[in-house]
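Welcome, and please open your viewer. We will go from one selection to the next, with a short note on what to look for at each stop.

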Amino acid sequence: MAKPLSTGLNILLLALGLSIITVLLLIEDQFENKMSRDASGIDLVIGAKGSPLQLVLSSVYHIDFPTGNIPLDEARKVSRNRLIKKAIPMGLGDNFEGFRIVGSNHEYLELYNASFILGKAWTKPFEVVLGSKVAKEKGFKVGDTFVGSHGIASASHEHDEHPYVVVGILTPSHNVIDQLIVTSIESIWYSHDDTYDHEKLEQEVAKTGFPKTDEARDLTTVLVAYRNPIAAIQLPRMINSRSSLQAASPTFEIARLFELLGIGISLVESLALVIIFIAGLGIFIALFNSLKERKYDLAVMRSIGAAKSQLFLLILLEGLILTFIGAVAGLFLGHLFLYLLVIVNEQSVISGLTAFVFVEKEWWILAYALLVGVLASIIPAWNAYRADIAAQLAK
Amino acid sequence: MIIVKDIQFSYENQPKIDIPDIELNGGDELLVLGKSGSGKTTFLNILGGLLAPHKGEILIDGISLYKLKGHKLDKFRGTHIGIVFQKPHLLGPLTVAENISLPHFFAKKPTTYKLLHYLKELGIQDKQNARIQTLSEGEAQRVSIARALVNEPKIILADEPTASLDDENATLVVNLLKNQAKKLQAALIIVTHDQRIKNQIERSITLKLIDL
């Protein structure tokens with residue numbers, strides 16, 4: 001190549017455009033996977049009135065703030081409906097240094113097929129089980145204690161009266177439970193009480209179903225699995241018609257979220273396409289200009305027996321090699337970008353993503369880049385094909 | 001070996017180039033003389049299958065050159081005709097040996113087939129891995145001759161091969177062309193206006209333009 005600098009710039013530009021597409025592809029693919037994995041087994045979420053999307057995000061994916069609390073009695077009444085196969089009550093709203101503390105029962109662990117690396121599930125109030133990521137990051141072992149704080153972000157005021165005790169650590173499961181601290185609903189209740197009834201602290205907590213209490217207590221949400229498809233039609237309408245409760249379907253809300261995000265994604269995507277187009281144009285101009293300088297060389301090659309078609313292929317191959325280098329660099333950069341993105345955002349939604357996978361769609365990026373190569377070099381190659389050697393040599 | 005019959009050619013709105021009929025056998029030598037612009041290079045291009053004449057026929061080994069089309073003509077040129085230009089026109093990114101074996105490559109022969117032989121014949125074997133930019137003009141011209149000879153053509157065409165060389169190299173190059181043509185039993189046609197060559201080759205024709 002005659003001009004290594006400008007050619008390098010064009011390849012870099014192409015790589016940049018392709019890397020953006022790669023990142024989008026990787027995130028899209030894994031995100032949707034993760035989203036549906038986290039929500040598997042959950043058909044409906046029941047919680048306080050508010051934004052249904054917020055309700056789903058806070059209680060299934062543990063990203064947004066909860067919409068509020070609902071009375072235990074009312075939640076229990078609704079959950080007795082014959083269309084409900086399983087109802088898992090949850091109490092949210094506390095955290096430990098940014099990791100959310102989820103009050104629920106053992107059914108929540110079963111929902112994600114959680115298994116233990118160390119220890120076992122809780123049986124008494126203030127016993128907790130740690131997701132693998134929490135344990136790793138905080139360096140907790142079974143038997144360690146810590147104090148949770150109110151609110152779901154770190155640095156809220158602390159419940160310093162009663163510490164939590166770690167009784168179990170979960171194996172990594174690559175879903176949302178990895179970054180949660182799971183305990184009983186009773187733990188959440190008692191930590192917010194002003195006085196402690198020491199007798200209650202020694203009683204076993206409810207391992208399935210709703211916790212037993214004769215006091216007026218609150219829950220945050222109930223995760224529901226349908227008994228049959230009819231439930232999907234009847235249940236949400238029935239619950240939403242009640243004044244204080246709201247039902248939201250994770251599938252529906254996430255589809256809506258992606259629809260909203262889709263505008264942003266397609267904006268970034270079109271930007272990437274424009275960059276790729278400019279890169280293709282740059283490669284075209286570089287090939288076209290270098291061809292002017294090399295026309296004599298090509299004519300000489302013809303005079304020593306090179307066929308027109310061979311020169312055509314030569315120029316085409318040059319364009320293809322350049323874009324192939326760009327494509328490989330782009331794929332590499334894309335994975336690198338995602339890797340950095342995941343490292344920087346340890347505790348956010350994308351923390352569960354990995355840069356070390358090869359998605360099948362990435363072959364399309366390669367194919368797409370080679371197509372750009374063909375388009376960029378076809379006109380220069382055609383010029384080389386029909387060049388008049390005698391006229392060229394006479395110059 | 002080569003027969004030139006009734007060739008007529010003229011560029012648009014230009015006087016016609018007067019091209020005499022020629023017949024050369026293997027080992028024959030011919031000098032094509034003429035003033036600048038008298039159509040010497042055009043004649044050479046027609047002989048080399050690079051420029052189709054308006055009328056007439058070129059027969060090489062009994063094959064009519066311009067009845068061959070496209071790919072076949074390119075292949076025929078590669079295997080039967082060796083062309084030496086005024087400037088060597090070697091490909092910069094390749095080494096000396098790669099430049100010389102290029103015709104082998106295009107003719108789909110093993111690339112080292114006659115390579116060493118012609119490196120030796122032209123006294124450039126110690127330069128075989130050198131880069132083109134490091135060669136002197138005389139060496140570069142010898143490389144380009146080796147490239148023209150490596151497929152052992154029946155016809156060797158040289159277009160002003162000595163124009164940019166000093167006396168010593170000019171004599172060397174003409175002798176090389178004559179010797180190699182003899183060895184290959186090929187017809188040698190040199191187009192030139194170089195006075196130094198004139199007395200080294202007996203047979204010559206002079207081209208001129210015919211006004212319409």
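In which loop of chain B does Asp61(B) lie? Select Asp61(B): it lies in the loop between strand S5 (55-60) and strand S6 (63-64) of chain B. Helices (H or I, at least four residues) and strands (E, at least two) are DSSP runs, numbered from the N terminus. Asp61(B) has a positive phi of about 55° although it is not a glycine. At 39% relative accessibility, Asp61(B) counts as partly exposed; buried means under 20% relative accessible area, exposed over 50%, and partly exposed in between (1.4 Å probe, protein chains only).

A word on what you are viewing: this is a predicted model, in which local features need pLDDT of at least 70, side-chain atom pairs count only at pLDDT 80 or more, and totals for chains, interfaces and linings use all residues. Residues are numbered from 1 along each chain as its sequence is written, chains are lettered from A and ligands numbered from 1 in the order in which they are written, and side-chain values use heavy atoms, with hydrogens and water left out.

**Next stop: helix H2 of chain A**

Now select His62(A), in the loop between helix H2 (52-61) and strand S2 (70-71) of chain A. Just after H2(A), His62(A) takes a positive phi of about 55°. His62(A) counts as buried, at 8% relative accessibility.

Step back into H2(A) itself. Here 8 of the 10 residues are buried, so the helix is largely enclosed by the rest of the structure. Among the buried residues are Leu53(A), Val56(A) and Tyr61(A). At the start of H2(A), look for a side-chain oxygen of Ser51(A), which reaches to within 3.3 Å of the backbone nitrogen of Leu53(A).

**Where the chains meet**

Show both chains together. The contact (heavy atoms within 4.5 Å) takes 18 residues from chain B and 16 residues from chain A.

Zoom in on Arg302(A), which forms a salt bridge with Asp74(B), the closest N and O atoms being 3.2 Å apart. A salt bridge is a side-chain nitrogen of Lys or Arg within 4 Å of a carboxyl oxygen of Asp or Glu. The largest share of the side of chain B that touches chain A, 5 residues, comes from H2(B).

Stay in that helix and pick Arg77(B). Arg77(B) is buried, at 2% relative accessibility. Its side chain reaches the backbone oxygen of Gly49(B) at 2.8 Å. Leaving aside neighbours within four places in sequence, Arg77(B) is in contact with residues including Arg302(A), Ser303(A) and Ile389(A).

**Last stop: a nonpolar patch**

Finally, select Leu16(A), Phe332(A), Leu336(A), Phe337(A), Tyr339(A), Leu340(A), Ile343(A), Val344(A) and Phe356(A), which form a nonpolar patch on the surface with about 900 Å² of accessible area together. Such patches are made of residues with over 30% relative accessible area and no salt bridge, nonpolar side chains (Val, Leu, Ile, Met, Phe, Trp, Tyr) being joined within 5 Å and like charges within 9 Å. Helix H10 (residues 308-344) of chain A gives the most to the patch, with 7 residues. Phe337(A) is found in this helix and is partly exposed, with a relative accessible area of 33%.

Terms used. Areas by Shrake-Rupley, 256 points an atom, 1.4 Å probe, with all protein chains shown as cover. Polar contact = N/O pair within 3.5 Å; in protein donor to acceptor, adjacent residues only side chain to side chain.
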